[in-house]
Structure formats: structure tokens, C-alpha cells
Amino acid sequence: MEVLFLYRIMKESFSYFNKGNINHFLSEKKGAPLKKWGQNFLIDKNIVEIIVQSLPENLLSEITSIAEIGPGLGAITHRLIEFNKTVYLFEIDPILIDNLKDHDYNIAPFILIEGDVLKNLNILDNESFFCFGNLPYYISTDILTSLVLQCPNLKAGIFMLQKEFINRITRENSSISIFLSIFGTWKHIKNVSSSCFYPSPKAESSLIFYEKHIDRILSDPEIEVLQIILRSFFWGKRKTIQKNIKDSPFLNKFNRNEIIEAVLQIDNLTGQERAEDIKKESYYKIAKIINSTCVKMN
Ligand code: SAH
């Protein structure tokens, strides 16, 4: 009952879907949204609705909490109380942090974590959670990479990112798409017009939905090897993998001949392929065979 009441108050009193109100707030505090922290505030209720509704009903019984990266003025945050879970909020900007406190986002069910999200993800170690984030674009790769590597209990999530970056994850056979595919599935949900934000970002945006695989595809050491392999194979653009294995600065700890030998045992590879021509399943096999047969030098 109490939660429902609080929910109604937060929903009805949220005033920042309005550019004028955002400007008024900012002009009193610091003047402008900060580019350096990727501040593009959502001002479109329908998009927020799509984001909030993306948490599947059946997942609610599996998770212990919810996380939001970069709550900002609370466009998504003010709707999160409806899930009746603990909500962890990660915000870096002191002015926005004060404002969140003024609106009680530091009181249960909210836990406000002040500072760089990349330094604070360990707070979620004992939680099984769903993650929301209209992410600051300048560190979106780092955030996704850190989430999947450091938070095995992240069950699913929805993220707003640059459209081009989402295409690289969902449509292309890129280094990042192969890497992220080890952990779960990544689905393009919707392109989002720049007019849904204030200020409007120059680049177009899209929403992506992540769902963790039930079973692990690779072990931790195999994942480490895969990261080195991806860096190396994608290192010299438009070069063959054989050439990249020979020249990549990331393989200094390995015997390069051993690596070539191992790779040529997989799926009829010849060494003349380019990194983007190799299927992700072949990459998983390459990581496994290198991890089990190639000796790493210290
Ligand atoms: N969720 C809000 C704001 C999105 S803008 C909305 O949709 O309207 C991105 C937010 O991420 C801003 O609030 C910004 O201050 C915050 N942010 C930027 N870098 C961050 C970091 N390293 N750690 C935590 N929050 C960060």
C-alpha cells in the first residue's frame, strides 16, 4: 500500500519531461547539461514506457533488485518503484545527486551510489538484477563490457545507446558483437528519435535488450584468451588473420606458430580469412583450443 502510494506521488509529480523545467533546474544550478558526462535527458513518456515495460513479468520472481545507470533527473527512475524491488542508482554528477536526494531517491527502496559506475559495480555482487540505462555514450562500451565481465548476476537489461553502436552489436560480425555474444543475446528493440531527448544528441539512438545465456559458453580463462584473440584478429584492418597473428602486439606472451597451428585445426580455416569473416562459433572454438593447448609465456 505504502509503495503504491509513493509510486503514485513520484509518477504524478515528475516534472522533467519538459524542456523548460529542465532548463530552469539547470540554470539555477550550473547552466547546462554536461557533455562530458553524456547528459541527454529523456523527455518522451512513450519511450520511458517502452523501457519500463521491457522488464519481463516472469523475470521479476528471479531477481532480487534493479539497477539504473545514470538516473540523471529521474526520467526512468521515477517509474522503477512499481517493481517493488530494491533499486540501485549509479550517478556521477554531484548536482544531479543532490537533486535525486531532494526527491528521496536515497531512501528505501532506493540505494544511491555516488560516483563513477565503473568503480562501483562490485556493490551488486550479491544481487541478481535487471539493469536499466540511458547510458552516457562516451563510456558505453566500457559499461557493457564491465557489466558482463563483473556482474554474472545481471540477468537482463535494457540500454539506450548510439544506433551505430547497437548495429555493430546486433547486425555486424564485429569484435564487440562476438565478445558480447558469449554472455547472452542482444536484441535491437527500437530506434529512438533525437527529439526524444533534451538536449538532442547529434547521433541517432536505439534501444537494445540483453538477456543472459542460461549456460556459460566459455570459462573465465577462455574468455581472457578470446579477448586477446579478438584484439589481435581485428588489429590490422583488412589484413588476413595469419598476418595479424604474426604482427599483433597483443600476442607477445604466446608462441605465434602455436597459435596459427591451433587456429588451422578449426572449421577448415586457412589463415587467409579476415577477422570479420569468421563465425562467432569458430571464435569460441579457437579460444578453447588455444586455452588448452598453447603455452602462455610469462
Ligand atoms: N537517465 C536519465 C539521464 C541519462 S543521461 C534520462 O534518461 O533522462 C546519462 C546520465 O549518466 C547522466 O545523468 C550522467 O550524469 C550520468 N553519468 C555519466 N557518466 C557516468 C558515470 N561514469 N557513472 C555514473 N553515471 C554517469
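**Figure 1. The loop holding Pro-199 and its cis peptide bond.** Pro-199 is found in the loop that runs between strand E8 (197–198) and strand E9 (205–212). In this predicted model, the peptide bond leading from Tyr-198 to Pro-199 is cis, and its omega is near -10 degrees. Most peptide bonds are trans, and most residues other than glycine have a negative phi.

**Figure 2. Two loop residues with positive phi.** Asn-84 sits in the loop between E2 and E3. Phi of Asn-84 is near 60 degrees, a positive value in a residue other than glycine. Asn-84 counts as exposed because its relative accessibility is 59%. Arg-238 belongs to the loop between H9 and helix H10 (241–247), and its phi, also positive in a non-glycine residue, is near 60 degrees. With a relative accessible area of 67%, Arg-238 is exposed.

Figure 3. Thr-77 is found in the loop that links E2 and E3. The relative accessible area of Thr-77 is 0%, so this residue is buried. Neighbours within four places in sequence being left aside, Thr-77 is in contact with Glu-68, Pro-71, Leu-89, Tyr-105 and Phe-110.

**Figure 4. Ile-97 in helix H4.** Ile-97 is part of helix H4 (residues 94–102). Its relative accessibility is 4%, and Ile-97 therefore counts as buried. When residues up to four places away in sequence are not counted, Ile-97 touches Glu-91, Ile-92, Leu-112, Glu-114 and Gly-115. Leu-73 is 24 residues from Ile-97 along the chain, and the C-alpha atoms of the two are separated by 8.9 Å.

**Figure 5. The largest cavity and its lining.** The model contains 2 cavities of 30 Å³ or more. The volume of the largest cavity is about 390 Å³. Its lining comprises 31 residues, and those nearest its centre are Gly-70, Gly-72, Glu-91, Asn-134 and Pro-136. At least two lining residues come from each of strand E1 (41–42), strand E2 (65–69) and strand E3 (86–91).

Figure 6. Domain 1 (3–212) and domain 2 (220–293) each provide at least three residues of the core. Beyond its neighbours within four places in sequence, Phe-159 is in contact with Cys-131, Gly-133, Leu-135, Leu-144, Leu-147, Ile-166, Trp-186, Ser-206, Leu-207, Ile-208 and Tyr-210. In soluble globular proteins, nonpolar side chains tend to be buried together.

Figure 7. The structure holds 0 disulfides. The closest cysteine sulfur to that of Cys-131 belongs to Cys-151 and lies 8.1 Å away, which is too far for a bond; the cut-off applied to a sulfur pair is 2.5 Å. Cys-131 is buried, its relative accessible area being 1%. Cys-196 also counts as buried, at 8% relative accessibility.

Figure 8. The protein chain is divided into domain 1 (3–212) and domain 2 (220–293). Their C-alpha centres lie 35 Å apart, and the contact between them takes 9 residues from domain 1 and 13 residues from domain 2. Asp-277 lies in the loop between helix H11 (256–263) and helix H12 (280–293), and Asp-277 counts as exposed at 54% relative accessibility. Ser-174 is 103 residues from Asp-277 along the chain, yet their C-alpha atoms are separated by 9.5 Å.

Definitions and conventions
Residues numbered from 1 in each chain as written. Predicted model: local features only at pLDDT ≥ 70, side-chain atom pairs only at ≥ 80, totals over all residues. Heavy atoms only, no water. Domains from an automatic or database assignment. Contact = heavy atoms within 4.5 Å. Buried < 20%, exposed > 50% of the residue type's maximum accessible area, 1.4 Å probe, protein only. 1 Å grid on protein atoms, 1.4 Å probe; cavity = no way out; pocket = protein on both sides within 12 Å on 5 of 7 lines; lining within 4 Å. Points joined across faces, edges and corners; volume = space filled by probe spheres on them. Helix = DSSP H or I, 4+ residues; strand = E, 2+ residues; numbered from the N terminus.
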